[in-house]
Amino acid sequence: MIRFENVGKVFHARGTSVTALDGIDLDVRDGEFLVIVGPSGCGKSTLLDLLGGLATPTSGRITIDDREVTGPGLDRGVVFQQYALLPWRTAQGNVEFGLEAKHVPRRERPARAREYLDLVGLSGFHDRYPHELSGGMKQRVAIARSLAFDPQVLLMDEPFAALDAQTRDGLQDELLRIWEQTGKTVVFITHGIEEAVYLGQRVAVMTSRPGRIKQVVDIPITSRSATADLRSDPEFARYRHEIWSLLRDEVDKARSAELGRTRKETAGV
Ligand SMILES: Nc1ncnc2c1ncn2[C@@H]1O[C@H](COP(=O)(O)OP(=O)(O)O)[C@@H](O)[C@H]1O
Ligand SMILES: [Mg+2]
(Lines give C-alpha, C1' and ligand atoms only; values in the text may rest on other atoms or scores of the structure.)
(Ligands and ions follow the chains in the order given, each with its own letter.)
Protein backbone atom coordinates (compact mmCIF):
# COMPACT_ATOMS: atom_id res chain seq x y z
CA MET A 1 0.00 0.00 0.00
CA ILE A 2 1.14 3.53 -0.82
CA ARG A 3 0.93 6.17 1.88
CA PHE A 4 1.57 9.92 1.69
CA GLU A 5 2.00 11.40 5.16
CA ASN A 6 1.88 15.18 5.40
CA VAL A 7 3.96 15.48 2.25
CA GLY A 8 5.10 18.93 1.15
CA LYS A 9 7.32 20.15 -1.65
CA VAL A 10 8.84 23.61 -2.00
CA PHE A 11 10.85 24.61 -5.06
CA HIS A 12 13.49 27.32 -4.88
CA ALA A 13 14.22 29.05 -8.14
CA ARG A 14 15.58 32.48 -9.04
CA GLY A 15 15.50 33.79 -5.50
CA THR A 16 11.85 32.92 -4.87
CA SER A 17 10.24 29.80 -3.47
CA VAL A 18 7.15 28.04 -4.76
CA THR A 19 5.15 25.75 -2.51
CA ALA A 20 3.97 23.13 -4.98
CA LEU A 21 2.48 20.70 -2.47
CA ASP A 22 1.38 21.23 1.09
CA GLY A 23 0.26 18.63 3.62
CA ILE A 24 -0.65 15.81 1.26
CA ASP A 25 -2.22 12.87 3.11
CA LEU A 26 -3.34 10.05 0.87
CA ASP A 27 -3.49 6.26 0.89
CA VAL A 28 -3.59 4.14 -2.24
CA ARG A 29 -4.77 0.56 -1.77
CA ASP A 30 -3.14 -2.46 -3.32
CA GLY A 31 -4.57 -3.14 -6.75
CA GLU A 32 -6.54 0.09 -6.78
CA PHE A 33 -7.05 2.36 -9.79
CA LEU A 34 -6.69 5.82 -8.26
CA VAL A 35 -7.01 8.95 -10.37
CA ILE A 36 -5.69 12.31 -9.24
CA VAL A 37 -7.28 15.31 -10.89
CA GLY A 38 -6.53 18.97 -10.39
CA PRO A 39 -6.16 22.33 -12.12
CA SER A 40 -3.07 22.98 -14.19
CA GLY A 41 -0.05 23.90 -12.07
CA CYS A 42 -1.51 22.50 -8.82
CA GLY A 43 1.34 20.05 -8.31
CA LYS A 44 0.08 16.82 -9.91
CA SER A 45 3.33 16.03 -11.72
CA THR A 46 5.30 16.98 -8.62
CA LEU A 47 3.26 14.52 -6.58
CA LEU A 48 3.87 11.73 -9.08
CA ASP A 49 7.58 12.55 -9.32
CA LEU A 50 7.84 12.23 -5.56
CA LEU A 51 6.11 8.85 -5.64
CA GLY A 52 8.33 7.79 -8.52
CA GLY A 53 11.38 8.77 -6.48
CA LEU A 54 12.48 11.29 -9.12
CA ALA A 55 12.34 14.08 -6.52
CA THR A 56 12.34 14.14 -2.72
CA PRO A 57 9.71 15.75 -0.48
CA THR A 58 10.64 18.86 1.48
CA SER A 59 8.55 17.59 4.39
CA GLY A 60 6.63 14.47 5.34
CA ARG A 61 7.20 11.05 3.84
CA ILE A 62 5.93 8.56 1.28
CA THR A 63 5.99 4.83 1.97
CA ILE A 64 5.19 1.76 -0.11
CA ASP A 65 4.40 -1.23 2.09
CA ASP A 66 5.96 0.65 5.03
CA ARG A 67 9.25 1.23 3.20
CA GLU A 68 10.10 4.86 2.61
CA VAL A 69 10.51 5.96 -1.01
CA THR A 70 14.07 7.27 -1.37
CA GLY A 71 14.60 7.00 -5.13
CA PRO A 72 13.35 5.35 -8.30
CA GLY A 73 12.85 1.60 -8.20
CA LEU A 74 11.69 -1.31 -10.33
CA ASP A 75 8.63 -1.66 -8.11
CA ARG A 76 7.25 1.44 -9.91
CA GLY A 77 6.83 1.91 -13.64
CA VAL A 78 6.28 5.44 -14.93
CA VAL A 79 4.46 6.49 -18.11
CA PHE A 80 4.68 10.16 -19.08
CA GLN A 81 2.70 12.28 -21.52
CA GLN A 82 5.62 12.26 -23.93
CA TYR A 83 6.44 8.73 -24.85
CA ALA A 84 10.16 8.84 -24.08
CA LEU A 85 10.90 5.97 -26.45
CA LEU A 86 14.39 5.34 -27.80
CA PRO A 87 14.09 6.38 -31.48
CA TRP A 88 16.84 4.00 -32.63
CA ARG A 89 15.14 0.94 -31.19
CA THR A 90 12.12 -0.90 -32.54
CA ALA A 91 8.97 -1.32 -30.46
CA GLN A 92 10.32 -4.64 -29.30
CA GLY A 93 13.77 -3.15 -28.63
CA ASN A 94 12.18 -0.46 -26.48
CA VAL A 95 10.30 -2.99 -24.38
CA GLU A 96 13.43 -5.15 -24.07
CA PHE A 97 15.21 -2.10 -22.70
CA GLY A 98 13.06 -2.27 -19.55
CA LEU A 99 13.92 -5.94 -19.20
CA GLU A 100 17.65 -5.20 -19.37
CA ALA A 101 17.22 -2.88 -16.40
CA LYS A 102 15.61 -5.74 -14.50
CA HIS A 103 18.44 -8.13 -15.51
CA VAL A 104 16.12 -10.53 -17.30
CA PRO A 105 18.42 -13.00 -19.13
CA ARG A 106 19.06 -11.96 -22.74
CA ARG A 107 17.47 -15.07 -24.29
CA GLU A 108 14.21 -14.53 -22.40
CA ARG A 109 13.83 -10.89 -23.40
CA PRO A 110 12.39 -11.18 -26.93
CA ALA A 111 9.55 -13.48 -25.89
CA ARG A 112 8.72 -11.39 -22.84
CA ALA A 113 8.75 -8.20 -24.91
CA ARG A 114 6.45 -9.73 -27.52
CA GLU A 115 4.08 -10.94 -24.82
CA TYR A 116 3.67 -7.38 -23.51
CA LEU A 117 3.38 -5.85 -26.97
CA ASP A 118 0.58 -8.34 -27.62
CA LEU A 119 -1.03 -7.37 -24.31
CA VAL A 120 -1.23 -3.71 -25.37
CA GLY A 121 -2.61 -4.66 -28.79
CA LEU A 122 0.55 -4.23 -30.87
CA SER A 123 0.84 -7.72 -32.33
CA GLY A 124 2.41 -7.34 -35.75
CA PHE A 125 4.13 -4.04 -34.94
CA HIS A 126 7.10 -5.42 -33.04
CA ASP A 127 9.62 -4.39 -35.69
CA ARG A 128 8.41 -0.83 -36.18
CA TYR A 129 10.52 2.12 -35.12
CA PRO A 130 8.89 4.93 -33.08
CA HIS A 131 8.73 7.24 -36.13
CA GLU A 132 6.70 4.56 -37.92
CA LEU A 133 4.07 4.49 -35.16
CA SER A 134 1.13 6.81 -34.41
CA GLY A 135 0.97 8.69 -31.11
CA GLY A 136 -1.42 6.16 -29.65
CA MET A 137 0.81 3.27 -30.69
CA LYS A 138 3.86 4.94 -29.21
CA GLN A 139 2.03 5.31 -25.94
CA ARG A 140 1.10 1.62 -26.10
CA VAL A 141 4.80 0.79 -26.45
CA ALA A 142 5.58 2.99 -23.44
CA ILE A 143 2.90 1.17 -21.42
CA ALA A 144 4.24 -2.23 -22.54
CA ARG A 145 7.74 -1.19 -21.57
CA SER A 146 6.60 -0.20 -18.09
CA LEU A 147 4.56 -3.36 -17.62
CA ALA A 148 7.26 -5.70 -18.94
CA PHE A 149 9.45 -5.42 -15.89
CA ASP A 150 6.42 -6.28 -13.79
CA PRO A 151 6.29 -3.33 -11.38
CA GLN A 152 3.88 -3.43 -8.48
CA VAL A 153 2.63 0.06 -9.30
CA LEU A 154 2.04 1.88 -12.56
CA LEU A 155 2.41 5.67 -12.34
CA MET A 156 0.88 7.58 -15.23
CA ASP A 157 1.21 11.34 -15.71
CA GLU A 158 -1.41 12.51 -18.21
CA PRO A 159 -0.40 9.69 -20.55
CA PHE A 160 -3.22 10.28 -23.05
CA ALA A 161 -3.29 14.08 -22.98
CA ALA A 162 -1.47 14.46 -26.31
CA LEU A 163 -3.74 12.04 -28.18
CA ASP A 164 -6.87 12.75 -30.19
CA ALA A 165 -10.19 12.00 -28.48
CA GLN A 166 -10.92 8.77 -30.29
CA THR A 167 -7.47 7.30 -29.69
CA ARG A 168 -7.72 8.38 -26.07
CA ASP A 169 -11.08 6.67 -25.54
CA GLY A 170 -9.68 3.49 -27.04
CA LEU A 171 -6.59 3.53 -24.85
CA GLN A 172 -8.67 4.16 -21.73
CA ASP A 173 -10.56 0.94 -22.41
CA GLU A 174 -7.31 -0.89 -23.11
CA LEU A 175 -5.82 0.37 -19.88
CA LEU A 176 -8.87 -0.75 -17.88
CA ARG A 177 -8.64 -4.18 -19.46
CA ILE A 178 -4.92 -4.44 -18.70
CA TRP A 179 -5.51 -3.28 -15.14
CA GLU A 180 -8.21 -5.92 -14.63
CA GLN A 181 -5.97 -8.55 -16.20
CA THR A 182 -2.78 -7.75 -14.29
CA GLY A 183 -4.11 -6.53 -10.93
CA LYS A 184 -1.56 -3.71 -10.79
CA THR A 185 -2.01 -0.66 -8.62
CA VAL A 186 -2.45 2.33 -10.93
CA VAL A 187 -1.98 5.97 -9.96
CA PHE A 188 -3.19 8.02 -12.91
CA ILE A 189 -2.90 11.80 -13.22
CA THR A 190 -5.17 13.82 -15.45
CA HIS A 191 -6.74 17.24 -15.74
CA GLY A 192 -9.69 15.68 -17.58
CA ILE A 193 -12.85 15.23 -15.54
CA GLU A 194 -14.44 12.71 -17.87
CA GLU A 195 -11.24 10.68 -18.03
CA ALA A 196 -11.03 10.70 -14.22
CA VAL A 197 -14.56 9.40 -13.75
CA TYR A 198 -14.21 6.86 -16.53
CA LEU A 199 -11.03 5.31 -15.13
CA GLY A 200 -10.93 5.83 -11.39
CA GLN A 201 -12.30 3.60 -8.66
CA ARG A 202 -11.58 6.67 -6.59
CA VAL A 203 -10.82 10.17 -7.76
CA ALA A 204 -8.70 12.44 -5.58
CA VAL A 205 -9.41 16.09 -6.37
CA MET A 206 -6.57 18.51 -5.67
CA THR A 207 -6.82 22.16 -4.73
CA SER A 208 -5.12 24.87 -6.77
CA ARG A 209 -1.54 25.61 -5.74
CA PRO A 210 -0.29 24.86 -3.13
CA GLY A 211 -1.72 21.47 -3.99
CA ARG A 212 -3.58 19.62 -1.27
CA ILE A 213 -6.05 16.78 -1.47
CA LYS A 214 -9.41 18.56 -1.42
CA GLN A 215 -11.62 15.49 -1.50
CA VAL A 216 -11.51 11.85 -2.51
CA VAL A 217 -14.63 10.74 -4.38
CA ASP A 218 -15.63 7.07 -4.64
CA ILE A 219 -16.83 6.07 -8.11
CA PRO A 220 -18.60 2.78 -7.40
CA ILE A 221 -19.35 1.85 -11.01
CA THR A 222 -18.79 -1.90 -10.82
CA SER A 223 -18.15 -3.03 -14.33
CA ARG A 224 -17.05 -0.33 -16.69
CA SER A 225 -16.50 -2.73 -19.53
CA ALA A 226 -20.01 -4.21 -19.20
CA THR A 227 -21.79 -0.88 -19.58
CA ALA A 228 -22.06 -0.27 -23.29
CA ASP A 229 -22.08 3.52 -23.29
CA LEU A 230 -20.92 4.45 -19.82
CA ARG A 231 -20.23 8.08 -20.70
CA SER A 232 -23.94 8.64 -21.44
CA ASP A 233 -25.08 6.92 -18.25
CA PRO A 234 -26.95 9.20 -15.77
CA GLU A 235 -24.81 7.82 -12.95
CA PHE A 236 -21.67 8.74 -14.87
CA ALA A 237 -23.05 12.25 -15.43
CA ARG A 238 -23.71 12.63 -11.71
CA TYR A 239 -20.10 11.82 -10.77
CA ARG A 240 -18.78 14.01 -13.55
CA HIS A 241 -20.83 16.90 -12.20
CA GLU A 242 -19.59 16.28 -8.65
CA ILE A 243 -15.93 16.37 -9.72
CA TRP A 244 -16.62 19.34 -11.99
CA SER A 245 -18.11 21.34 -9.08
CA LEU A 246 -15.15 20.53 -6.83
CA LEU A 247 -12.71 21.59 -9.54
CA ARG A 248 -14.55 24.70 -10.61
CA ASP A 249 -14.07 26.28 -7.18
CA GLU A 250 -10.34 25.62 -7.45
CA VAL A 251 -10.01 27.01 -10.95
CA ASP A 252 -11.92 30.15 -9.82
CA LYS A 253 -9.55 30.53 -6.87
CA ALA A 254 -6.49 30.11 -9.07
CA ARG A 255 -7.86 32.69 -11.50
CA SER A 256 -8.51 35.34 -8.85
CA ALA A 257 -5.05 34.76 -7.37
CA GLU A 258 -3.60 35.20 -10.85
CA LEU A 259 -5.62 38.41 -11.38
CA GLY A 260 -4.46 39.71 -8.00
CA ARG A 261 -0.85 39.13 -8.96
CA THR A 262 -1.27 40.80 -12.33
CA ARG A 263 -2.91 43.85 -10.73
CA LYS A 264 -0.04 44.16 -8.25
CA GLU A 265 2.51 43.82 -11.01
CA THR A 266 0.87 46.40 -13.29
CA ALA A 267 0.50 48.78 -10.31
CA GLY A 268 4.23 48.31 -9.76
CA VAL A 269 3.83 46.89 -6.23
N1 LIG B 1 11.69 21.97 -10.89
C2 LIG B 1 10.90 22.99 -10.54
N3 LIG B 1 11.43 24.17 -10.13
C4 LIG B 1 10.63 25.19 -9.78
N5 LIG B 1 9.30 25.15 -9.79
C6 LIG B 1 8.72 24.00 -10.18
C7 LIG B 1 9.49 22.87 -10.59
N8 LIG B 1 8.62 21.87 -10.93
C9 LIG B 1 7.39 22.37 -10.75
N10 LIG B 1 7.43 23.64 -10.30
C11 LIG B 1 6.29 24.49 -9.98
O12 LIG B 1 5.46 23.77 -9.09
C13 LIG B 1 4.08 23.97 -9.41
C14 LIG B 1 3.42 22.62 -9.68
O15 LIG B 1 3.91 22.11 -10.91
P16 LIG B 1 3.42 20.71 -11.51
O17 LIG B 1 3.58 19.66 -10.47
O18 LIG B 1 4.13 20.51 -12.79
O19 LIG B 1 1.86 20.99 -11.75
P20 LIG B 1 0.80 20.17 -12.63
O21 LIG B 1 1.42 18.90 -13.06
O22 LIG B 1 -0.39 19.99 -11.73
O23 LIG B 1 0.44 21.07 -13.78
C24 LIG B 1 4.05 24.92 -10.59
O25 LIG B 1 3.84 26.21 -10.10
C26 LIG B 1 5.42 24.77 -11.19
O27 LIG B 1 5.80 25.96 -11.84
MG1 LIG C 1 1.75 18.02 -14.92
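Val-217 is buried, with a relative accessible area of 4%. Since this is a predicted model, please read that value, like the others here, as computed from the predicted atoms. The residue belongs to strand β10, which covers residues 213-218. Leaving aside residues up to four places away in sequence, Val-217 touches Gln-201, Arg-202, Val-203, Glu-242, Ile-243 and Leu-246. Leu-199 makes a handy reference point: 18 residues separate Leu-199 from Val-217 in sequence, and their C-alpha atoms are 13 Å apart in space.

Val-203 and Ile-243 are listed with Phe-33, Val-141, Met-156 and Phe-188 as the residues that touch the most other members of the largest nonpolar core, a set of 51 residues. Helix α4 (residues 135-148) gives the most to this core, contributing seven residues.

Not counting residues up to four places away in sequence, Met-156 touches Leu-48, Val-79, Ile-143, Leu-175, Val-186, Val-187, Phe-188 and Ile-189.

Now for the domains themselves. The domain assignment gives domain 1 as 2-75 + 154-164 + 181-268, and domain 2 as 84-150. Their centres, taken over C-alpha atoms, are separated by 28 Å.

|---|---|
| Domain 1 | Nine residues |
| Domain 2 | eleven residues |

Finally, a helix pair. Two packed helices are described by the angle between their axes and the distance between the axes. For helix α2 (residues 91-101) and helix α3 (residues 109-119), the angle is about 115 degrees and the axes are 9 Å apart. The crossing of α2 past α3 is right-handed. On the α2 side, the contact is made by Ala-91, Gln-92, Val-95, Glu-96, Leu-99 and Glu-100; α3 brings Arg-109, Pro-110, Arg-112, Ala-113, Arg-114 and Leu-117. What is the make-up of this contact in nonpolar, polar and charged residues? Six of the residues are nonpolar, one is polar and five are charged.

Conventions
Residues numbered from 1 in each chain as written. Chains lettered and ligands numbered in written order. Predicted model: local features only at pLDDT ≥ 70, side-chain atom pairs only at ≥ 80, totals over all residues. Heavy atoms only, no water. Axes fitted to C-alpha atoms, helices over the stretch in contact; angles between N-to-C directions. Helix = DSSP H or I, 4+ residues; strand = E, 2+ residues; numbered from the N terminus. Left-handed = near helix turned anticlockwise from the far one by under 90°. Contact = heavy atoms within 4.5 Å. Nonpolar A, V, L, I, M, F, W, Y, C, P; charged D, E, K, R; others polar. Core = buried A, V, L, I, M, F, W, Y, C linked by side-chain atoms within 4.5 Å. Buried < 20%, exposed > 50% of the residue type's maximum accessible area, 1.4 Å probe, protein only. Domains from an automatic or database assignment.
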